[in-house]
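Here are some friendly notes to read alongside the structure. Keep the view open and look up each residue as you come to it.

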Amino acid sequence: MAIQRMRRMLDDILVPVALGTLTTLVLAQLAMQMPRVRERVEAMARSRPVMAMQTGTPPGLQGATGSIILTADSAERAANVIVFRNGVSLGPFTTNEMQILVHAGDVISFRDATPQGPPVTLYVRDGSNDMLYPVTGETITLGGGTATASLEPVAFF
C-alpha cells in the first residue's frame, strides 16, 4: 500500500517535471533557429569575458634555485670525471664530493676522461627540499666503457 502511494506521488511529480524540461529544451532549440534570436544570444556571449588558461611556469618557480651534492665512491677515480652544467664545464672532482648550484631546467652531465679505466659511481647525495629531479639516491656509473652520462633536468615542486 505504501509503495503504491509512493509510486503514485513520484509519477505525479516526476512526469510533469520531465515533460516541462523536455518542452523547455525543444522551445530553446526552436528559438535558436530564428536568426534574430540567434544573433542576440551570440552577441551576449561575445560581450562576456573569456576565461583563458594560463600556460608556462608559475611565477614563483621561474627563478627557483637549489643545490645538489654529488658524492663519488672514490676520490681518486672521480678525479678523471669532468662535471658539466648545461654544457659548461664545472671541472673535475677534487675530492669525493661536489656541491652544485642549480636552477630549474639545468642539466648536469658527466664525462670520464678515462672511459676504459676502472668504474666510478656517482651518487646524488642531497638536494634541496623542493627539488623534484634529480632524485636523492640516483646513481651514475662511468668508466668500464661508459664515457658520458647525464642526470634528468632539474625540476622543482
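Which residues of the largest nonpolar core touch the most other members? Please keep in mind that this is a predicted model.

1. **The core.** The largest nonpolar core has 23 residues, and Leu 70, Phe 93, Ile 108 and Phe 110 are the ones that touch the most other members. Several strands contribute: E1, E2, E4, E5 (108-112), E6 and E8 each supply at least two residues of this core.

2. **A closer look at Ile 108.** Leaving aside residues up to four places away in sequence, Ile 108 touches Ile 68, Leu 70, Val 83, Phe 84, Arg 85, Ile 100, Val 102, Ser 150 and Leu 151. One of these contacts, Leu 70, also belongs to the group that touches the most other core members.

3. **The four-stranded sheet.** Now turn to the sheet. Four strands form an open sheet with antiparallel pairing, and their order is E4-E1-E6-E8. Strands E4 (97-103) and E8 (139-142) stand at the edges with a single partner strand each, so one side of each has no neighbour in the sheet. On average, neighbouring strands here are turned by 25° against each other, with direction ignored.

4. **How its strands pair.** Start with E1 (residues 65-72), which runs antiparallel to E6 and is joined to E6 by five bridges. Within that pair, Ile 69 has Asp 126 in E6 as its bridge partner. Strand E6 (residues 120-127) also pairs with E8, again in the antiparallel sense, over four bridges. Two bridges to find in this second pair are Thr 121 with Thr 141 and Leu 122 with Ile 140. As you trace them, remember that side chains in a regular strand alternate between the two faces of the sheet.

5. **A hairpin.** Where can you find a hairpin with two residues between its strands? Look at E2 and E3, which form it. Strand E2 (residues 81-85) and strand E3 (residues 88-92) pair in the antiparallel sense over four bridges, and Phe 84 stands opposite Ser 89 in E3. In the turn, Asn 86 has a positive phi of about 55°.

6. **Helix H2.** Finally, look at the helix spanning residues 35-47. H2 has 13 residues and reaches 18 Å from its first C-alpha to its last, close to the 18 Å expected at 1.5 Å a residue. How many of its 13 residues are buried? The number is zero, so H2 lies largely in the open.

Methods. Residues numbered from 1 in each chain as written. Predicted model: local features only at pLDDT ≥ 70, side-chain atom pairs only at ≥ 80, totals over all residues. Heavy atoms only, no water. Pairing = 2+ DSSP bridges. Axes fitted to C-alpha atoms, helices over the stretch in contact; angles between N-to-C directions. Core = buried A, V, L, I, M, F, W, Y, C linked by side-chain atoms within 4.5 Å. Buried < 20%, exposed > 50% of the residue type's maximum accessible area, 1.4 Å probe, protein only. Contact = heavy atoms within 4.5 Å. Expected span 1.5 Å × (residues − 1).
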